[in-house]
Amino acid sequence: MTTDCLFCNMVSGEMAVEKLHDDDLCFAIRDINPRAPVHLLVIPKIHIATMRDVQEEHGPLLGRMTAVANRLAEAEGISERGYRLTFNVGDEGGQTVYHIHLHVLGGRQLGAEG
Ligand SMILES: [Zn+2]
């Protein structure tokens with residue numbers, strides 16, 4: 001099934017991508033335009049356009065995504081030094097793909113805004 005959503009096409013296999021993690025709820029990839037030495041994305045398999053659309057029922061999904069992000073940070077060797085977990089929301093929030101994704105940024109000293 002082809003949709004116009006980049007991440008849904010990764011879920012369906014329409015677009016081949018190297019996954020660092022893959023489970024029943026979410027998967028993870030490296031950002032193609034990294035803004036730090038480590039820049040990963042944790043992406044839910046269900047389509048949720050923005051964090052504005054998140055409801056309380058999505059709690060288990062967000063918990064899983066956070067746990068996966070933490071495990072990947074550990075695997076990348078940035079866990080102890082610290083890293084950033086970010087959701088960008090909407091145009092002024094810097095969101096570019098309208099299917100929520102958790103940014104995992106680290107490997108250098110991050111400033112207040114990035
Ligand atoms: Zn999608």
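Select M65, V68, A69, L72 and A73 in α2: these residues are buried. Buried means 20 or more other C-beta atoms within 10 Å of the residue's own, exposed means 12 or fewer, and partly exposed lies in between, with C-beta atoms placed from the backbone. The five cover an arc of only 140° around the axis, so they sit on the same side of α2. That arc is taken over the directions from the helix axis to the C-beta atoms.

This is a predicted model, in which local features need pLDDT of at least 70 and side-chain atom pairs count only at pLDDT 80 or more, while totals for chains, interfaces and linings use all residues. Residue numbers start from 1 along each chain as its sequence is written.

**The helix**

Now show residues 59–75, helix α2. Helices (H or I, at least four residues) and strands (E, at least two) are DSSP runs, numbered from the N terminus. At 1.5 Å a residue, the 17 residues of α2 should span 24 Å, and its end C-alpha atoms are 24 Å apart, which agrees. The expected span is 1.5 Å times one less than the number of residues.

Turn to the face away from the buried side. G59, P60, G63, A67 and E74 are exposed there. After α2 comes G77, with a positive phi near 80°.

**The sheet**

Which strands do the buried residues of α2 pack against? They pack against β1, β2, β3, β4 and β5. Contact here means C-beta atoms, placed from the backbone, within 7 Å.

Select the five strands. They form an open antiparallel sheet, ordered β1-β2-β3-β5-β4. Strands pair if DSSP finds at least two bridges between them. β1 (21–22) and β4 (83–86) are at the edges with a single partner strand each, so one side of each has no neighbour in the sheet.

Walk across it:

- β1 pairs with β2 (residues 26–30) over two bridges, and H21 stands opposite A28. A hairpin of three residues joins the two strands.
- β2 and β3 (residues 38–44) share five bridges. R30 has L40 as its bridge partner.
- β4 pairs with β5 (residues 102–106) over four bridges. Find L85 opposite V104.

**The core**

Finally, select A28, V42, V68, A69, L72 and V104. These have the most contacts inside the largest nonpolar core, which has 18 residues. Such a core is a set of buried Ala, Val, Leu, Ile, Met, Phe, Trp, Tyr and Cys residues joined through C-beta atoms within 7 Å. α1 (6–12), β2, β3, α2 and β5 each give two or more residues. The largest share, five residues, is from α2.

Stop at L72. Beyond residues up to four places away in sequence, L72 touches L20, H21, A28, L40 and V104.

Note on methods
Contact = placed C-beta atoms within 7 Å.
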